[in-house]
Amino acid sequence: MDGLPPRFACFVTGTDTEIGKTLISSALLHALVQQGVRACGMKPVAAGAELRDGRLHNDDCDQLEAAGNVRLPQSITTPFLLKEPAAPHIAAALEGIVIDPVPILAAFLEIAAASDATVVEGVGGFRVPLNDTYDTADLAEQLDLPVILVVGMRLGCINHALLTVEAIAARGLKLIGWVANALEDDMAFEDENIEALAARIPAPLLGRVPRLDEPGAAAAAAHLDFNSLPDWPAPRNTI
């Protein structure tokens with residue numbers, strides 16, 4: 001129907017852990033909210049939670065919640081919130097939990113029904129074990145969402161990025177964009193590394209995020225352009 005915003009959804013993965021997936025996911029959510037749509041972030045599995053004010057908190061999950069504008073129970077946006085800051089299958093085993101895909105897929109459907117746009121952030125890199133037979137690549141394949149890759153700019157990032165691109169393609173998923181996220185104040189040959197990646201990654205570079213004095217969704221979004229993404233919503237006419 002005319003006038004309805006397109007439904008945007010993506011899966012954000014990275015070349016490793018601690019390379020800026022949450023920052024970029026939050027920037028996506030911030031930009032979507034600025035476009036006037038109902039946007040919700042989802043981190044299906046998060047490890048490293050602590051009890052505050054009677055509720056388990058994880059910094060990544062809190063950032064996603066703050067950047068979006070759809071409020072849903074934590075049990076929906078993060079079906080598996082684990083206390084130990086370790087690989088998910090290890091953290092789950094310590095709590096006597098088996099990470100199962102069914103609750104994740106059901107929660108995603110609830111989020112999609114309650115929002116116009118959904119940003120799903122993976123955990124760690126693209127192939128992180130969730131249980132003995134299931135990993136984050138399996139999850140991404142089941143969700144069947146287009147993928148955005150966050151490349152942490154540091155020595156070795158070209159190899160990590162290109163292997164991840166191959167793994168995404170091997171799952172039959174579409175890579176719709178990538179982000180170069182600075183991890184160092186002054187990486188040697190950063191421009192040359194980005195040029196090499198741009199020549200080899202079959203998806204648009206959505207932007208380069210420098211080291212930010214105050215990292216946050218709005219600050220990161222200022223360095224990114226999402227307009228090339230499929231189904232990215234146009235600004236609503238407020239007149």
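Figure 1. The view comes from a predicted model, in which local features need pLDDT of at least 70 and side-chain atom pairs count only at pLDDT 80 or more, while totals for chains, interfaces and linings use all residues. Residues are numbered from 1 along each chain as its sequence is written, and side-chain values use heavy atoms, with hydrogens and water left out. The side chains of Glu50 and Arg52 meet in a salt bridge, 2.7 Å from N to O; a salt bridge is a side-chain nitrogen of Lys or Arg within 4 Å of a carboxyl oxygen of Asp or Glu. Arg52 also meets Asp62 in a salt bridge, at 3.3 Å. Arg52 lies in strand β4 (residues 50-52) and Asp62 in helix α2, so this pair ties together parts that are 10 residues apart in sequence. Helices (H or I, at least four residues) and strands (E, at least two) are DSSP runs, numbered from the N terminus.

Figure 2. Among the 14 salt bridges of the structure is that of Lys43 with Glu121, whose closest N and O atoms are 2.9 Å apart. Lys43 sits in the loop between β2 (39-42) and β3, and Glu121 in strand β7 (residues 117-121), 78 residues apart. Both Lys43 and Glu121 are buried.

**Figure 3. Helix α1, from Lys21 onwards.** This helix (residues 21-34) has 14 residues and reaches 20 Å from its first C-alpha to its last, close to the 20 Å expected at 1.5 Å a residue. The expected span is 1.5 Å times one less than the number of residues. How many of its residues are buried? The count is 11 of 14, including Leu23, Ile24, Leu28 and Leu29. Just after α1, look for Gly36, which takes a positive phi of about 90 degrees.

**Figure 4. The largest pocket.** About 680 Å³ of space lies in this pocket. Of the 28 residues that line the pocket, the closest to its centre are Glu18, Ile19, Gly20, Thr22 and Asp60. The elements giving two or more residues to the lining are α1, β3 (45-47), α2 (59-67) and β11 (175-182). On a 1 Å grid over the protein atoms alone, a pocket is an open set of points with protein on both sides within 12 Å along at least five of seven lines, a cavity is a set where a 1.4 Å probe fits but cannot get out, and lining residues have an atom within 4 Å of a point. Grid points are joined across faces, edges and corners, and a volume is the space filled by probe spheres set on the points.

**Figure 5. The largest cavity.** The whole structure has 2 cavities of 30 Å³ or more, and the largest has a volume of about 160 Å³. Closest to its centre, of the 17 lining residues, are Gly41, Cys61, Leu64, Glu65 and Thr77.

**Figure 6. Tyr134 and its contacts.** Tyr134 lies in strand β9 (residues 134-135) and counts as buried at 8% relative accessibility. Not counting residues up to four places away in sequence, Tyr134 touches Pro101, Pro129, Leu139 and Gln142, where contact means heavy atoms within 4.5 Å.

How values were computed:
Buried < 20%, exposed > 50% of the residue type's maximum accessible area, 1.4 Å probe, protein only.
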